[in-house]
Protein chains: 2
Amino acid sequence: MTANSWQAVRAEVLRRIRAREWPPGEPIPHEADLALELGCARATVNRALREVAESGLIERRRRAGSRVALHPVRKATLDIPVIRVEIESRGEAYDFSLITREETTPPPSIRARFKAPDARLLHVTGLHLADGQPHALEDRWIDAQAVPDTLTTDFTRISPNEWLVLSVPFEGGDIAFSATTASATEAQALTCPEGAPLFVTDRTTWRGERTLTSVRLLFAPGYRLHTRL
Amino acid sequence: MTANSWQAVRAEVLRRIRAREWPPGEPIPHEADLALELGCARATVNRALREVAESGLIERRRRAGSRVALHPVRKATLDIPVIRVEIESRGEAYDFSLITREETTPPPSIRARFKAPDARLLHVTGLHLADGQPHALEDRWIDAQAVPDTLTTDFTRISPNEWLVLSVPFEGGDIAFSATTASATEAQALTCPEGAPLFVTDRTTWRGERTLTSVRLLFAPGYRLHTRL
DNA sequence: CTCCCAAATATGTTCATACTTATTACCATA
DNA sequence: TATGGTAATAAGTATGAACATATTTGGGAG
């Protein structure tokens, strides 16, 4: 970060944007000009501007040049760790308790997430505990044909959450966050009042054309997902 | 993306990780060796590995080399647009309705977020509408000393959300997502039943040592925050 | 045997240069 | 006046070489 590091260039660019020396919507100087002005190589300016663009503050297009974003869409990065790691990193004891495990016909809403109509689905539910307290209720469906060893794995020893992350390479996924209220059975599992507000994450991961697994996590009341920008 | 682009190198690295040619926890070849093997410059390998590391799949340390992450902490990127833009990009008509606006003494929980004890805080609440339907209830506090023109801006013409993004440069912020249930007044504003589950985002943004604004957004039932990984 | 310092080393960064590619602007043609 | 092709341009990428920096390793001093 001494004189002409890319971080220094980025800092200077951010300063000019914040100071309105480069107002929103206006084009900024070309990479080559900036390199000349700041006394560094164009590659260094490129690296810096690329980072700024990734944060959403400037927009870049070939030939057209770079301009300060008019409506900056801020990008926040969420860390999505394995639940056991998340709990243990807070210094709490982790435990998992399997509730149900059955190979069964899924409701249409679940079925729709698995494009393969022949998929044999395993349904697993369980509770993640932190220091003995309920932390999250996991409700998961796994495509047993797409995921080897699904039917022979003992989920009382390892949570499906962790087992899948360790043993099944995936290519991508969708995540959605929402809110719901605890049903009677959910309230009992999470030891909270019926109707309590619960934070929900729904995640579906796939490899190639095949959906591997789809999971709903209900977090105990008070859970907050936190990040910075 | 032809032969030896950094994207091609990244694809090959991802393939080897997924195929378990490079198992979790194991070190991977050095940049120089990979460059030689794949027939490209070390800088190209560096670029590719840096991207893979940013996604959380490998861990890199100087002198120690790179290794496949044992517990990959997946990184998901959230887009946080101005609410008006979010709604209009879905093709819906946006409107904002100011509910209250007063300079008043904040409760201690809010006060704690503004480090400056002398801060004069403006409290603004309003409703964001999509196609006439309630979308989100905004409850915001603004430090009038840190943010110029706070007291003279007409928030019936522009929402504080958008005004702040456009006119106040900030350096960073905290965001937390959680769930709550609608109180009586919240239910009335959002035209939903009392006790309905609401998705909440709490955001505090700052510049230097000064907290600029702190906002709580209550989204109408059914709202989902969506991303991919 | 333990502790600390120095050498070795892998990643991190900068640079000049050259080439690639998307996009715009301009001009000629219909 | 439209339209389509083409040249100009700015970002994107690749490369080899050099230097910077964080860690580890190993050896020497105590």
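User: A polar contact is a pair of N or O atoms within 3.5 Å; within protein, one must be able to donate a hydrogen and the other to accept it, and residues adjacent in sequence count only if both atoms are side-chain atoms. What does the side chain of Arg62(A) approach on DNA strand C?

Analyst: A sugar or linking oxygen, 2.9 Å from an N or O atom of that side chain. This is a predicted model: local features need pLDDT of at least 70, side-chain atom pairs need 80 or more, and totals for chains, interfaces and linings use all residues. Residues count from 1 along each chain as written, chains are lettered from A and ligands numbered from 1 in written order, and side-chain values use heavy atoms, without hydrogens and water.

User: Which part of DNA strand C does the side chain of Arg42(B) meet?

Analyst: A base oxygen, at 2.6 Å.

User: New topic. Which residues of H2(B) are buried?

Analyst: Glu31(B), Leu34(B) and Ala35(B). Buried means under 20% relative accessible area (1.4 Å probe, protein chains only); exposed is over 50%, partly exposed in between. Helices are DSSP runs (H or I, at least four residues), strands too (E, at least two), numbered from the N terminus.

User: What comes just after H2(B)?

Analyst: Gly39(B), with a positive phi of about 70 degrees.
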